[in-house]
Amino acid sequence: MIYLRVFLICILSFRFHAAISAELRLDEQQALLYALEVIENEKLGADGVLTINSAGDELNLRFKAGFGISNSERYIRLDLINGRFNQHFASTGIKADVAYDATLVGGGNSADTYLIVEVKAATPQGADTEFVLESNSYLWLDYRQPLYVKYTYYASAAAALNGGDFLYQITSPIAQSTNTIGTSFTRSFVHSVEFSQDFKKFTSTFRAPSTFMLGDASANLAAVGKVQFDTLITQAVRLPATSALITVFSDLLPSMNTAARTATIKGDFSSVRAFLNQQDDCAGASYALAEYSQTNIVQVSIDELIDYPVFCLAAESKSLAIKRAAYYLDLGFGLAASLLGEVVYDTAAVDLPYITNYANYRQRIILINHAGYDVAYTTQFVAEEVVMGNFQANSKATGIIPAGSTLKLNSDELVTIDPNVPSRVSARIFIDAKPQDVAAAVQILALDSNLPPQTNTLNVIQY
């Protein structure tokens, strides 16, 4: 868990490096962004006032004089818009500097909205001379609107006090709230299963001595998908209490118990062993989900998904065909479920809703192979409850359709149904070919009717 969190922090630190600045530079007009999801869980002051703090220099304000400094007194005035100072500033007001003298002459106390600092220099300084307000806390009056600071440079105390003519002025944002939780939080892959292995093995994408990676599969193992919480942190947002960047997704949900199993993974677990893993190759520490289970929902926690982010499937049964399935992750706090991975049959398929051995019918299934090579087919049967266990697949339920030819199969060549139950089953025929290379139809002749055989063309789909 520890090294995974460190890895995530490193990724996010790199991603947001450009957004990490030592101090706020007013000329850059870039506000610090605070996570609205966190703010709305904060304990606010009277009238909804939010306090933002910093133990470092994130809230320091750095700004250029904008006009020269001389040995005559000039005045810096800083006014907060939608905020108040939440500290008492030193007697210099701004950070002391050998290039000039500074004295706080107005405001600058806790709950004030302004401060005025007198500055002068024995040796004249240029307009690019920088001042720094060493601030570490603000009262943000309405966090739904940005917190601004207006810097004005005056030539006289009276102008600074009364808002008269000025030498330079700039207004810049300090803080802004924003929603940051994104919508995409998984990376998913589609894996196929082997027709030639009766769908009991995955189609291998891993070839030794290559490296088994996320999205790869061997015959018995598939790295199907990965939970990527870092993609939900869409911007470089901060915590109000410290102004530190949020690097762990769970920090965006301060009121949520991330140890509770409120997230769900949905899918078909009846023919596979499903587990979460710490490594992209599914070879690290694991967290079991379900094994050959009829359940289609598994509960997990956010913490477990952080610790074991890779979703893996193992095909270990010698008798069960792997079922076609899609797996979705719902985090349980309002985001739409996201695809975690999918298993498909890379074949063409034909559905037969109704196959019968009824004595007064003759039913024939017609399969046409337009390709210039033989293709294999196999049939999977499905029956209603009363028929389950009372039918048997026959020899031609599996076979070959020769190249460029038509194969005609009588229903009794595909399946035998016990005469004591309704004479009907459904079937899906899988054909190891592209859908455009095959065609199919079903023909029924009623022996007690003078009508000609009824033939219906069947849809061939990619499965």
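**Strand E8 and its surroundings**

Strand E7 (residues 101-107) runs antiparallel to E8, and six bridges join the two. The model shown here is predicted. Within this pairing, Ala102 stands opposite Val119 in E8. The strands E7 and E8 form a hairpin with six residues between them, where Gly108 adopts a positive phi near 80°.

E8 also pairs with another strand. Strand E5 (residues 74-81) meets E8 in the antiparallel sense, again over six bridges, and here Asp79 stands opposite Tyr114 in E8. Strand E8 itself, which spans residues 114-120, is mostly covered, with five of its seven residues buried. In a regular strand, side chains alternate between the two faces of the sheet.

The protein chain contains five helices and 34 strands. Its radius of gyration is 36 Å, well over the 23 Å that the globule rule gives for 463 residues, so the chain is more spread out than a compact globule. Taken along the principal axes, the C-alpha atoms fill a box of roughly 115 × 50 × 45 Å.

Among contacts in the protein chain with a separation of 6 or more, 74% are accounted for by residues 24 or more positions apart. Of the 463 residues, 46% count as buried. The chain exposes about 22,100 Å², of which carbon and sulfur atoms supply 50%. As for charge, the protein chain carries 32 positive and 46 negative side chains, and the centres of these two sets lie 4 Å apart.

Methods. Residues are numbered from 1 along each chain as its sequence is written. This is a predicted model: local features need pLDDT of at least 70, side-chain atom pairs count only at pLDDT 80 or more; totals for chains, interfaces and linings use all residues. Side-chain values use heavy atoms; hydrogens and water are left out. Helices (H or I, at least four residues) and strands (E, at least two) are DSSP runs, numbered from the N terminus. The radius of gyration is taken over C-alpha atoms; the globule rule is 2.2 Å times the number of residues to the power 0.38. Buried means under 20% relative accessible area, exposed over 50%, partly exposed in between (1.4 Å probe, protein chains only). Contact means heavy atoms within 4.5 Å. Accessible areas come from the Shrake-Rupley method with a 1.4 Å probe; for residues, only the protein chains shown count as cover. Lys and Arg count as positive and Asp and Glu as negative; His and the chain ends are not counted. The place of a charge is taken as NZ of Lys, CZ of Arg, CG of Asp or CD of Glu. Two strands pair if DSSP finds at least two bridges between them.
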